[in-house]
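Reader: I'm new to reading protein models, and I'd like to go through one with you. Could you give me the general idea each time, then the case here?

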Amino acid sequence: KDSLTLKLHAEACNLAGLPSPPSLLALPQELQFKVLQLLPAKALAVLGCTCRELRYTSTEDQLWAPLYNEEFKSDTQPVPHQHTPWKQAFVARWVERHNMQRRMARQPRYLPGSFVMHPPPRMGF
């Protein structure tokens, strides 16, 4: 559907004497890959939701391995198992970190010296 619609749209523009519509899908696969390498993780994931062809292209390990290493370079956890796709590993670690940050934000924070002990009130008889 996606590739058929784009080709029909481009052909209709050509017949009408109009320039072809700009499209990432009209680029050769190598150039598409170069463009996708410039995207941050969230944009790459969103782009993968737009059509079948980009979903396939946007899940390549060569795109997600550098994003994973950049995003989680300061973490002490090991890199994912060799059979785990990099995108899947990225999403799992991102969700894990996000959930931990949410839990920590909900916990009350006690700072040293924030509690002052007061003597009990005296009963005056």
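This is a predicted model: local features need pLDDT of at least 70, side-chain atom pairs count only at pLDDT 80 or more; totals for chains, interfaces and linings use all residues.

Reader: Which residue does the side chain of R97 meet in a salt bridge?

Author: A salt bridge is a side-chain nitrogen of Lys or Arg within 4 Å of a carboxyl oxygen of Asp or Glu. Here R97 pairs with E71, at 2.3 Å from N to O. That pair links distant parts of the chain, with E71 in helix 5 and R97 in helix 6, 26 residues apart. E71 has 33% relative accessibility, so E71 is partly exposed too.

Reader: How many salt bridges does the structure hold?

Author: There are 2. One of them joins the side chains of K73 and E70, at 3.2 Å from N to O. K73 counts as exposed because its relative accessibility is 60%.

Reader: You mentioned helices. How many helices and strands does the chain have?

Author: Helices (H or I, at least four residues) and strands (E, at least two) are DSSP runs, numbered from the N terminus. This chain has 6 helices and 0 strands. Of its 125 residues, 18% are buried.

Reader: And how do I read a pocket? Which residues line the largest pocket?

Author: Picture a 1 Å grid over the protein atoms alone: a pocket is an open set of points where a 1.4 Å probe fits, with protein on both sides within 12 Å along at least five of seven lines, and lining residues have an atom within 4 Å of a point. In this model the lining of the largest pocket is A41, K42, A45, W64, E71, F90, V91, W94 and V95. Helix 6 gives the largest share of that lining, 4 residues. Helix 3 (41-47), helix 5 and helix 6 each supply at least two.

Reader: Where is D75, and is D75 buried or partly exposed?

Author: D75 sits in the loop between helix 5 (61-71) and helix 6 (86-106). With 29% relative accessibility, D75 is partly exposed.

Terms used
Residues are numbered from 1 along each chain as its sequence is written. Side-chain values use heavy atoms; hydrogens and water are left out. Buried means under 20% relative accessible area, exposed over 50%, partly exposed in between (1.4 Å probe, protein chains only).
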